[in-house]
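The sequence and structure come first, then the points by topic.

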Amino acid sequence: MKLTIFAATGGIGRQALEQAVAAGHEVTAVVRNPKKLSREVRVVTADLAAPDPAALESAVKGADAVLSGLGPRSASEAGIAGQGTRAIVQAMKATNVRRIVVVSAAPIGTVPSPGRPNPPKHDPGDGFFVRNLFGPLIKAALRKHFADLALMEDVLRDSGLDWTVVRPPRLTGKPVTGSYRTAYGQNLRRGLFVSRADVAHLMLRVLRQPETVKQAIGIAY
Ligand SMILES: NC(=O)c1ccc[n+]([C@@H]2O[C@H](COP(=O)([O-])OP(=O)(O)OC[C@H]3O[C@@H](n4cnc5c(N)ncnc54)[C@H](OP(=O)(O)O)[C@@H]3O)[C@@H](O)[C@H]2O)c1
């Protein structure tokens with residue numbers, strides 16, 4: 001396939017790039033700092049905080065699918081997921097590219113957003129401690145970050161595109177296993193960790209699974 005990978009220098013993006021190239025896909029990487037790239041592939045340089053529509057259109061034109069590992073590197077960058085994903089969606093619409101897979105986070109199913117002001121209070125996959133202890137603490141600590149990811153999910157739901165959102169819990173740097181649990185629209189009971197490499201594995205896997213279109217997918221071991 002022809003794939004365009006946004007944020008291919010990030011933890012998940014780099015894994016997606018490596019696995020996509022290893023699988024024989026033709027990759028275009030969209031990054032703000034090409035020096036950080038781990039592979040020689042076609043590159044489009046773009047800072048998604050100040051997106052240039054022409055550059056983004058040239059990056060996605062002709063792609064069978066777009067993958068994005070975009071997210072804030074620091075608290076001060078919170079807002080980039082919604083803003084950047086909106087720009088990616090616009091470029092895809094302008095060039096008739098339909099398939100997009102992005103990374104969100106496990107708590108987002110219960111985070112209110114303008115497009116989803118009354119989400120369920122609890123995720124059916126969360127057990128007692130996540131629901132009542134860790135969940136509220138993490139949501140308080142990462143309020144802006146999660147609001148940004150919830151907005152990013154709004155952008156995709158409103159896009160009319162063939163989107164899939166992957167919602168991992170705590171990310172690790174362990175190698176790819178391909179052995180993880182997934183669930184549509186909810187988290188995994190006692191699933192507290194997953195590696196960035198396995199998130200990338202799922203992002204590539206769903207491209208062969210049309211039933212994952214317009215779905216948020218929980219992933220964990
Ligand atoms: N950490 C966790 O445990 C956890 C858990 C669940 C979900 N998540 C979500 O998963 C996402 C991906 O995780 P990760 O570990 O792969 O994150 P990461 O390593 O921080 O990667 C973020 C990527 O976004 C890029 N980016 C940020 N701002 C940009 C901009 N203005 N223009 C272009 N690119 C920009 C970064 O580019 P540079 O390489 O140039 O900096 C980097 O490639 C996180 O952002 C978070 O929302 C994280």
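The side chain of R32 places an N or O atom 2.9 Å from an oxygen atom of the ligand. The model is predicted.

- L171 has a polar backbone atom 2.9 Å from an oxygen atom of the ligand.
- At G71, a backbone N or O atom is 3.2 Å from an oxygen atom of the ligand.

**Shell around the ligand**

- Two or more residues of the shell come from each of α1 (11–22), α5 (143–157) and β7 (170–172).
- There are 27 residues around the ligand, and those that come nearest are T9, I12, K36, R73 and R196.
- Sorted by class, the shell holds 14 nonpolar, seven polar and six charged residues.

**Second largest pocket**

- The second largest pocket holds about 160 Å³ of space.
- Its lining consists of P72, R73, S74, A75, A78, A141, L142, R143, K144 and H145.
- With three residues, α5 gives the most to this lining.
- The lining of the second largest pocket has five nonpolar, two polar and three charged residues.

- α5 gives two or more residues to the shell around the ligand and three to the lining of the second largest pocket.

Methods
Residues are numbered from 1 along each chain as its sequence is written. This is a predicted model: local features need pLDDT of at least 70, side-chain atom pairs count only at pLDDT 80 or more; totals for chains, interfaces and linings use all residues. Side-chain values use heavy atoms; hydrogens and water are left out. A residue is near a molecule or strand if one of its heavy atoms lies within 4 Å of it. A polar contact is a pair of N or O atoms within 3.5 Å; within protein, one must be able to donate a hydrogen and the other to accept it, and residues adjacent in sequence count only if both atoms are side-chain atoms. Helices (H or I, at least four residues) and strands (E, at least two) are DSSP runs, numbered from the N terminus. Ala, Val, Leu, Ile, Met, Phe, Trp, Tyr, Cys and Pro count as nonpolar, Asp, Glu, Lys and Arg as charged, and the others, Gly among them, as polar. On a 1 Å grid over the protein atoms alone, a cavity is a set of points where a 1.4 Å probe fits but cannot get out, and a pocket is an open set with protein on both sides within 12 Å along at least five of seven lines; lining residues have an atom within 4 Å of a point. Grid points are joined across faces, edges and corners, and a volume is the space filled by probe spheres set on the points.
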